[in-house]
Amino acid sequence: MDEMNETQSGVEKTVAAPVADTEATLLGAAIVCPVCNTENSPGEKYCGECGFLLSSTPGEAVPAVEEGEQARLVDPAGQREYLLHPGENSVGRESTDVLLGDSTVSRRHALLVLDSGKCWIEDLGSANGTFVAGKQIQQGERMELADGTELKFGSAIFSVKLPAVEGEAIEAAEEEAPAEAPAAEVEAIEQAAPEVSPVARLVSTTDPGRDFAVVPGPNTIGRGAGNSIVLGDDPYVSSSHAELIADDSGLWLVDVGSTNGTVLNGTKIAPNERVAVNLGDEIAIGQSTFRLEAPVEASEPQAGDESAAAD
């Protein structure tokens with residue numbers, strides 16, 4: 001009887017099911033690009049293969065942003081900027097709204113919040129700190145910013161530019177508007193300005209007839225109207241994308257932290273590093289491809305030409 005009870009007890013014993021780990025992290029599904037069908041990691045804004053904005057629809061026009069009407073971060077030289085949208089703007093080195101390719105910047109470094117015309121900054125526990133006007137703020141501390149305030153993320157320095165509140169903009173314009181110079185003075189200044197000869201030119205291989213002069217010094221390239229070389233019709237080009245620098249040591253190409261990168265002769269270059277370039281090199285920026293060529297030399301005056309210089 002005891003053996004039967006033991007057997008029955010063994011048969012009727014309930015086996016406990018394994019308890020699911022309710023705290024386990026669920027992996028997000030990959031985002032498939034509707035243009036090239038490439039799978040992208042969750043959280044990516046642009047396709048890693050073709051650069052398509054994953055939140056948009058193929059064929060849909062990218063909305064243009066007029067200069068000065070949107071808050072932005074600008075570097076001290078004014079050659080690199082990041083537009084800020086209403087709400088939260090994450091700043092960091094990886095999968096953020098403001099993507100900074102600087103090793104001193106943490107993956108998720110800080111947060112910029114825009115609301116009702118005002119802007120706040122918050123440090124997200126960065127390794128090298130966030131500084132406002134030279135003073136480090138504490139993790140989780142939220143500080144309001146004024147137009148022109150200097151910000152430092154690690155060793156990356158920017159100033160925040162905020163649009164003027166309606167009414168203040170009119171008053172500021174009236175105070176700062178310079179008096180117009182006399183026409184004769186303007187003409188004299190224009191005549192005195194020396195003409196700069198180009199040292200090279202960027203010739204488009206994807207859009208015949210498109211040709212940009214490269215002059216001594218920094219030649220900024222981007223979608224913003226303030227660049228030396230403006231590629232405003234290419235949505236894959238950042239507002240401040242790259243620089244071609246011509247100096248006594250030669251020609252140099254620098255990607256200034258663009259979203260989709262800069263490609264030299266088929267190889268993507270690292271951001272914020274000077275790379276030597278030579279005539280004949282191919283440079284891809286967004287969906288545009290260019291070849292670096294020698295400048296067009298001015299034609300020599302012909303004998304008998306009225307414009308030829310006198311002996």
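I began at Gly222, which stands opposite Val230 in β17. The model is predicted; local features need pLDDT of at least 70, side-chain atom pairs count only at pLDDT 80 or more, and totals for chains, interfaces and linings use all residues. Residues are numbered from 1 along each chain as its sequence is written, and side-chain values use heavy atoms, with hydrogens and water left out.

**Strands.** I looked up the pairing of β16 and β17 (residues 229-230): they run parallel over 2 bridges. Strands here are DSSP runs of E, at least two residues, numbered from the N terminus; two of them pair if DSSP finds at least two bridges between them. On β18 (residues 242-247), β16 (residues 217-222) is joined antiparallel by 5 bridges. I noted Glu243 in β18 as the bridge partner of Thr220.

**Rings.** I searched the whole structure for aromatic pairs and found 2. Tyr82 and Phe158 have ring centres 5.8 Å apart and planes at 75°, so I logged them as edge-to-face (centres within 6.5 Å; planes under 30 degrees apart are stacked, over 60 edge-to-face, the rest tilted). Tyr82 is in β4 and Phe158 in β13, 76 residues apart. Tyr82 has 11% relative accessibility and counts as buried (under 20% relative accessible area; exposed is over 50%, partly exposed in between, with a 1.4 Å probe and protein chains only). Phe158 is buried at 2%.

Phe212 and Phe290 are also edge-to-face, at 6.0 Å centre to centre and 65° between planes. Phe212 lies in β15 and Phe290 in β24, so this pair ties together parts 78 residues apart in sequence. I logged both Phe212 and Phe290 as buried.

Technical notes: Helices (H or I, at least four residues) and strands (E, at least two) are DSSP runs, numbered from the N terminus.
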